[in-house]
Amino acid sequence: MVVQSSLSKGTISIALVHEALSAAYAKGLNTQIILNKAGIPTELLMSPKARVPVTTYAQLWIELANAMNDEFFGMDSHPMRRGSYKLLTKLVSTAETLEKALYDILNFF
């Protein structure tokens, strides 16, 4: 489902969709395929007041991470390979103390 109203709650601005796609554009990826998998019509990108549901935007993040093998979407010089966030959450949830969790996370980075 795609929302055109700028007043809809639980939606994300199309400007943030453009921002999320910026590294994919720069890398020459086929953003049409990524958008299709996320359920975002490409013509919606031309409507500056368009909005997409949060769940659709979340799917866009998943599709971008899959296409780029980067959970940080090319926004850093070093990619965060798929599974990095999962590993980080396991480090935090299994650490005996917050200090140990932070140490492990920083050591990972």
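**Close-up views of a predicted model**

View 1. Ala23 is buried, because its relative accessible area is 10% and buried means under 20%. This value, like every other in these legends, comes from a predicted model. Ala23 is found in helix H1. Setting aside neighbours within four places in sequence, Ala23 is in contact with Met68, Phe73 and Gly74. Met75 lies 52 residues from Ala23 along the chain, yet their C-alpha atoms are separated by 6.9 Å.

**View 2. The nonpolar patch around Met75.** Met75 sits in the loop between H3 and helix H4 (84-94). Its relative accessibility is 43%, so Met75 counts as partly exposed. Together with Phe72 and Tyr85, Met75 forms a nonpolar patch on the surface. The accessible area of these residues together is about 280 Å².

**View 3. The largest nonpolar core.** This core holds 21 residues. Val17, Leu21, Ile40, Val52, Leu60 and Leu64 touch the most other members. The elements giving two or more residues to the core are helix H1 (14-26), helix H2 (31-38) and helix H3 (54-68). H1 gives the most, with six residues.

**View 4. Contacts of Leu21.** Leu21 belongs to the largest nonpolar core and is among the residues that touch the most other members. Residues up to four places away in sequence are not counted here. On that basis, Leu21 touches Thr31, Ile34, Leu35, Leu45, Leu60 and Leu64. Leu60 and Leu64 are themselves among the core residues that touch the most other members.

**View 5. Val54 in helix H3.** Val54 lies in helix H3. Val54 touches Gly10, Thr11 and Ile12, with residues up to four places away in sequence left out. Val54 and Ala26 are 28 residues apart in sequence. In space, 24 Å separates them, C-alpha to C-alpha.

**View 6. The two sides of helix H4.** The buried residues of H4 are Ser84, Leu88 and Leu91. They cover an arc of only 60 degrees around the axis, which means that they lie on the same side of H4. An α-helix has 3.6 residues a turn, so residues three or four places apart point the same way. What covers the buried residues of H4 includes H5. The face turned away from the buried side carries the exposed residues Lys86, Ser93 and Thr94.

**View 7. The salt bridge in helix H5.** The structure holds one salt bridge. In this bridge, the side chains of Lys100 and Asp104 meet at 2.8 Å, N to O. Both residues lie in helix H5 (residues 98-108). They are four residues apart, about one turn of the helix. Lys100 counts as partly exposed because its relative accessibility is 40%. Asp104 has a relative accessibility of 17%, so Asp104 counts as buried.

Terms used: Residues are numbered from 1 along each chain as its sequence is written. This is a predicted model: local features need pLDDT of at least 70, side-chain atom pairs count only at pLDDT 80 or more; totals for chains, interfaces and linings use all residues. Side-chain values use heavy atoms; hydrogens and water are left out. A nonpolar core is a set of buried Ala, Val, Leu, Ile, Met, Phe, Trp, Tyr and Cys residues joined through side-chain atoms within 4.5 Å. Buried means under 20% relative accessible area, exposed over 50%, partly exposed in between (1.4 Å probe, protein chains only). Contact means heavy atoms within 4.5 Å. A salt bridge is a side-chain nitrogen of Lys or Arg within 4 Å of a carboxyl oxygen of Asp or Glu. Patches are made of residues with over 30% relative accessible area and no salt bridge: like charges are joined within 9 Å, nonpolar side chains (Val, Leu, Ile, Met, Phe, Trp, Tyr) within 5 Å. Accessible areas come from the Shrake-Rupley method with a 1.4 Å probe; for residues, only the protein chains shown count as cover. The arc is that of the directions from the helix axis to the C-beta atoms.
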